[in-house]
Amino acid sequence: GLLPRERRASEAGDLEAKAPTRAPKMAPKLVYFDVRGLAERIRYCFAVAGVEYEDERLSLTFGTPGDFSTIKRPEFDAKKAAGEFDIAMGKVPLLIVDGGFKIMQSKAIERYVAKKYGLMGKTDEEAAFVDGVTEHQRDISDAFRKAKTDGKVDEYLTEKLPDALKLVEKAVAGLPGPFLCGPEPSLADVCFYTFLFEQIDDKEKAKAAYEAAPRVCTAVTAFAELPSVKTWLAKRPVTPF
């Protein structure tokens, strides 16, 4: 018969052989069009957190450039018809995580990725504060969209945006920098950076606005200087928007 040590080794081997084989964890898959759009903040979150993911980009072309009534998106249409986007009300972005679990709505995905990978602070209270600062940015974005609709973009960028950013400074006053909510980047920095550096076409007026709010200027500049951000900008596909 087997010696005790050999018997234990043999029994352990039998148990290991009988244990169900667990499939390796899949990398998160982000499904969206081949544009920045509603998915770019999610991509920034993955980049800053250093998380590998699958960036599935569905083709998006125009019959007439810039005319959305002539848009062509065959891959999206096929997946939608197959029911792959039913959980998202037929929309994208969609995030698929380990086990095939699907998360819909861009803001929900942003918060999920940010929380899971350390971009929402270390406590529930810090997470709530980061969330609140991102909502300040949403208010600013809403006002900017209204200004575009009303044909008052220049007035907004030169007068209202600087004042709004100064109010943000008061909201984060007393917190250590260089980032908006402390010494580490958060979802709030992702939101303000993408708004000020990418969503506003008039870069000079945007720069003048955030330079009028030194605390905000320090934060978005520090974010822009992150190696992970520079790497993402160097490798991301060039898209029209």
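Author: Tyr156 is buried, at a relative accessible area of 4%; buried is under 20% relative accessible area, exposed is over 50% and partly exposed is in between, with a 1.4 Å probe and protein chains only. This is a predicted model, where local features need pLDDT of at least 70, side-chain atom pairs count only at pLDDT 80 or more, and totals for chains, interfaces and linings use all residues. Residues are numbered from 1 along each chain as its sequence is written, and side-chain values use heavy atoms, with hydrogens and water left out.

Reader: How many aromatic pairs does the structure hold?

Author: The structure holds 15 aromatic pairs. One of them is Phe144 with Tyr156, a tilted pair at 5.8 Å centre to centre with 40° between the planes. Rings of Phe, Tyr and Trp (its six-membered ring) pair if their centres lie within 6.5 Å; planes under 30 degrees apart are stacked, over 60 edge-to-face, and the rest tilted.

Reader: What parts does the Phe144 and Tyr156 pair tie together?

Author: Phe144 lies in helix 5 (residues 124-150) and Tyr156 in helix 6, so the pair ties together parts that are 12 residues apart in sequence. Helices (H or I, at least four residues) and strands (E, at least two) are DSSP runs, numbered from the N terminus.

Reader: And is Phe144 buried or exposed?

Author: Phe144 counts as buried because its relative accessibility is 7%.

Reader: Which rings link into a cluster?

Author: Ring pairs link Tyr44, Tyr193, Phe197, Tyr210 and Phe223 into a cluster.

Reader: OK, switching to the core. Which residues have the most contacts inside the largest nonpolar one?

Author: Ile140, Leu161, Leu165, Leu196, Val216 and Phe223 have the most contacts inside that core, which has 69 residues. Helix 7 gives the most to this core, with eight residues. A nonpolar core here is a set of buried Ala, Val, Leu, Ile, Met, Phe, Trp, Tyr and Cys residues joined through side-chain atoms within 4.5 Å.

Reader: What does Leu196 touch?

Author: Leaving out residues up to four places away in sequence, Leu196 touches Leu161, Leu165, Ala206, Tyr210, Val216 and Val220. Contact means heavy atoms within 4.5 Å.

Reader: Now the strands. Which way does strand 1 run relative to strand 2, parallel or antiparallel?

Author: Strand 1 (residues 29-33) and strand 2 (residues 54-58) run parallel, joined by five bridges. Strand 1 also pairs with strand 5, in the antiparallel sense over three bridges. Two strands pair if DSSP finds at least two bridges between them.

Reader: What are the bridge partners of Lys29?

Author: In strand 2 the bridge partner of Lys29 is Glu54, and in strand 5 it is Ile96.

Reader: Is strand 1 mostly covered or exposed?

Author: Mostly covered: four of the five residues of strand 1 are buried. Strand 1 also belongs to a right-handed β-α-β unit with helix 2 (residues 40-49) and strand 2. Right-handed means that, with the strands pointing away from the viewer, the path from the first strand over the helix to the second runs clockwise.

Reader: What does Ser106 contact?

Author: Beyond its neighbours within four places in sequence, Ser106 is in contact with Leu38, Ile42 and Pro93. Ser106 lies in helix 4 and counts as buried, at 11% relative accessibility.

Reader: What about phi of Met89 and Gln105?

Author: Phi is near 60° for Met89, a positive value in a residue other than glycine, and near 70° for Gln105, also positive. Met89 counts as exposed at 67% relative accessibility, whereas Gln105 counts as partly exposed at 45%.

Reader: Last one: what's the average pLDDT, and where does it stay under 50?

Author: The protein averages a pLDDT of 92, and 90% of the residues score at least 70. pLDDT is the predictor's confidence in each residue, from 0 to 100. It stays under 50 over residues 1-6, for which the model has two contacts beyond four places in sequence. Over residues 15-23 the pLDDT is also below 50, and that stretch has one contact beyond near neighbours in sequence.
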